[in-house]
Amino acid sequence: MTKKTKTAYEVEGEILATQEFQKSSMAHKLNWLRAGVLGANDGIVSTAGLIFGVAGATAGQPDAPQAIFVAGVAALVAGSISMAGGEYTSVSAQKDSEIAAIAKERQELKDSPEAELRELAWFYEQKGMSPKLAKQVAEELTAKDALKAHAEAELGISHDEHVSPSAAAISSFVAFAAGSLLPLLTATATPWADLRIPFTVGAVILSLGLTGYVAAQIGGAKPMRAIIRNVLVSLLTMGVTYGIGLLVGGGIPA
């Protein structure tokens, strides 16, 4: 039996399809990376803000380093748990909605297969196919895997793959904690007391410049705009919380 030779058109189509699949897979991975970068960004800004608030409140006091360390650790732990819990709740709700939608679609296919076939054909007509071709595509996809076809066309999701709440929670926890460590360590481990605040400001600016750049690269945006936005927000946060700390705590030596 002679093997059919593929035409140049068919080969090009396979190459393009493979590239699109790779782009789709890469986009999914980039979404996780983007979430990690944003989580680290939140950890840096939130922890730095709290540290500067306590630094302002304890300015000139001998136990200021201990107070700053305790506040930083508390911010790291509480923020990481809060981020993980929020992400777990959000992703769980998304997963529950997807499962419920799939179950509803499965029941509709069981109760009204002909109506569902017409509905699927209608979806492809809306994408520009002729009624005849749309019906043929719908019939072939239904014969292969009706639930998958309807889930992808109508719901835009996969019927057998769902987001993981646990994985999302863990990644958020790790990202926030990793971001929080930078201002915490800089503010407490710097041996020169007079330079702790300037060093921390510098470390926060550099790290947020980096996260802004990475986030922009992932999203295809202009890096400079994201970097400036990140740095300005961090400076505003540290300035405001430090000022509030001075006002509330007084900054009076013990």
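This is a predicted model: local features need pLDDT of at least 70, side-chain atom pairs count only at pLDDT 80 or more; totals for chains, interfaces and linings use all residues.
How many aromatic pairs does a search of the whole structure find?

1. The search turns up two aromatic pairs. Phe52 and Tyr242 make an edge-to-face pair, with ring centres 6.4 Å apart and 70° between the planes. Have a look at where the partners sit: Phe52 belongs to helix α1 (residues 8–57) and Tyr242 to helix α7 (residues 223–249), so this pair ties together parts that are 190 residues apart in sequence.

2. Phe52 has a relative accessible area of 4%, so it is buried. Tyr242 comes out at 28%, which means it is partly exposed.

3. Trp122 and Phe123 form an aromatic pair too, again edge-to-face, at 5.3 Å centre to centre and 75° between the planes. Trp122 is partly exposed, with 45% relative accessible area. Phe123 also counts as partly exposed, at 22%.

4. Which residues form a nonpolar patch on the surface? They are Phe69, Val70, Val73, Val77, Ile81, Ile170, Phe173 and Val174, and together they have about 700 Å² of accessible area.

5. As for where that patch comes from, α2 (64–111) and α5 (165–189) are the elements that each give two or more residues to it. Helix α2 supplies the largest share, five residues. Ile81, one of the patch residues, has its place in helix α2.

Methods
Residues are numbered from 1 along each chain as its sequence is written. Side-chain values use heavy atoms; hydrogens and water are left out. Rings of Phe, Tyr and Trp (its six-membered ring) pair if their centres lie within 6.5 Å; planes under 30 degrees apart count as stacked, over 60 as edge-to-face and the rest as tilted. Helices (H or I, at least four residues) and strands (E, at least two) are DSSP runs, numbered from the N terminus. Buried means under 20% relative accessible area, exposed over 50%, partly exposed in between (1.4 Å probe, protein chains only). Patches are made of residues with over 30% relative accessible area and no salt bridge: like charges are joined within 9 Å, nonpolar side chains (Val, Leu, Ile, Met, Phe, Trp, Tyr) within 5 Å. Accessible areas come from the Shrake-Rupley method with a 1.4 Å probe; for residues, only the protein chains shown count as cover. A salt bridge is a side-chain nitrogen of Lys or Arg within 4 Å of a carboxyl oxygen of Asp or Glu.
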